[in-house]
Amino acid sequence: MASREEITLYEDEVRSRYGYLEKMTDLVAVWEVALSDGVHKIEFEHGTTSGKRVVYVDGKEEIRKEWMFKLVGKETFTVGAAKTKATINIDAVSGFAYEYTLEINGKSLKKYMENRSKTTNTWILSLDGMDCRVVLEKDTMDVWCNGKKMETAGEFVEDGTETHFSVGDHDCCIKAVSSGKRREGIIHTLIVDDREIPEVLE
């Protein structure tokens, strides 16, 4: 039979190992939001008896409110390097059931991501054994790689434009060429070390 000391040590180990989970017993919603500087995880705790509201962005506590008498409402905060505005809406559905929706820049997450797929291109590739996520913001021609805005040099070429940048020792170029079709518009292609990288849809 285990001694009282061994049981206490075991309980302490379990408590420290699962402390983070224990703290998040009121976790009601988790969202993943793909922005230019990376994919951010937003977690929301809502204590429906105490009215407690806690917002975590990438595991870091952004908002904590204890003992709120009003159980519905909204919490607004920022996400990512560009300080993108995010709002969690808390609505009563029926009785003690609640619905949680996330808005990014005033749009529902679904609408925001649909719009984002029209205004950005994303590529994921492996360089020197490391995964790289490259994002082009088409409206500004800003290029991001793994959360950092890259130094770029743009030039006009015969069939469009080229935006040059480097990742480590690798030469990278985003070519922008007209598709010749109005509906398709401009086609952006990432070339790394003379190799074309396929685009991914997020």
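**Entry 1: Asp-142 and Lys-149.** I looked up Asp-142 first. Its relative accessibility is 22%, so Asp-142 counts as partly exposed. My classes are buried for under 20% relative accessible area, exposed for over 50%, and partly exposed in between, with a 1.4 Å probe and protein chains only. Asp-142 forms a salt bridge with Lys-149, and their closest N and O atoms are 3.4 Å apart. I call it a salt bridge when a side-chain nitrogen of Lys or Arg lies within 4 Å of a carboxyl oxygen of Asp or Glu. Lys-149 is exposed, at 52% relative accessible area.

**Ground rules.** The model is predicted, so I note that local features need pLDDT of at least 70, side-chain atom pairs count only at pLDDT 80 or more, and totals for chains, interfaces and linings use all residues. Residues are numbered from 1 along each chain as its sequence is written, and side-chain values use heavy atoms, with hydrogens and water left out.

**Entry 2: other salt bridges.** How many salt bridges does a search of the whole structure find? It finds ten. One of them joins Lys-60 to Glu-62, with 3.3 Å between the closest N and O atoms. Lys-60 is exposed, with a relative accessible area of 52%. Glu-62 is partly exposed, at 35%.

I then checked Asp-26 and Lys-52. Their side chains meet in a salt bridge at 3.2 Å, N to O. Asp-26 sits in the loop between α2 and β1, and Lys-52 in the loop between β2 and β3, so the pair ties together parts that are 26 residues apart in sequence. Helices (H or I, at least four residues) and strands (E, at least two) are DSSP runs, numbered from the N terminus. Lys-52 counts as buried, at 11% relative accessibility. Asp-26 counts as partly exposed, at 25%. Salt bridges with shared partners join Asp-26, Glu-45 and Lys-52 into one network.

**Entry 3: around Asp-26.** Which residues does Asp-26 touch, not counting those up to four places away in sequence? They are Phe-44, Glu-45, His-46, Gly-47 and Lys-52. Contact here means heavy atoms within 4.5 Å. The C-alpha atoms of Asp-26 and Phe-44 are separated by 8.2 Å, and the two residues are 18 apart along the chain.

**Entry 4: the aromatic pair.** I searched for ring pairs among Phe, Tyr and Trp (its six-membered ring), with centres within 6.5 Å; planes under 30 degrees apart count as stacked, over 60 as edge-to-face and the rest as tilted. The count comes to one aromatic pair. Phe-44 and Tyr-100 form it edge-to-face, 5.7 Å centre to centre with 65° between the planes. Phe-44 is in strand β2 (residues 38-46) and Tyr-100 in strand β7 (residues 97-104), 56 residues apart, so the pair links distant parts of the chain. Phe-44 is buried at 0% relative accessible area. Tyr-100 also counts as buried, at 17%.

**Entry 5: nonpolar cores.** A core is a set of buried Ala, Val, Leu, Ile, Met, Phe, Trp, Tyr and Cys residues joined through side-chain atoms within 4.5 Å. The largest has 23 residues, and those touching the most other members include Trp-31, Phe-44 and Phe-77. Strand β1 gives the most to this core, with five residues. Leaving aside neighbours within four places in sequence, Phe-77 is in contact with residues including Ile-42, Val-55, Ile-88 and Leu-102. Apart from this core lies another, of 16 residues, among them Trp-123, Leu-127, Cys-132 and Ile-197.

**Entry 6: strand β9.** Is β9 enclosed or open? Six of the eight residues of β9 (residues 120-127) are buried, so β9 is largely enclosed by the rest of the structure. Strands pair if DSSP finds at least two bridges between them. Eight bridges join β9 to strand β10 (residues 130-137), and the two run antiparallel. Trp-123 stands opposite Val-134 in β10. The two strands form a hairpin with two residues between them, and Asp-128 in the turn has a positive phi of about 50°. On β18 (residues 199-200), two bridges join to β9, again antiparallel.

**Entry 7: the five-strand sheet.** I traced an open sheet with the order β13-β14-β15-β16-β17 and antiparallel pairing. Its edge strands are β13 (153-157) and β17 (195-197), and each pairs on one side only. Strand β16 (residues 186-192) pairs with β17 over three bridges. Ile-197 in β17 is the bridge partner of Leu-190.
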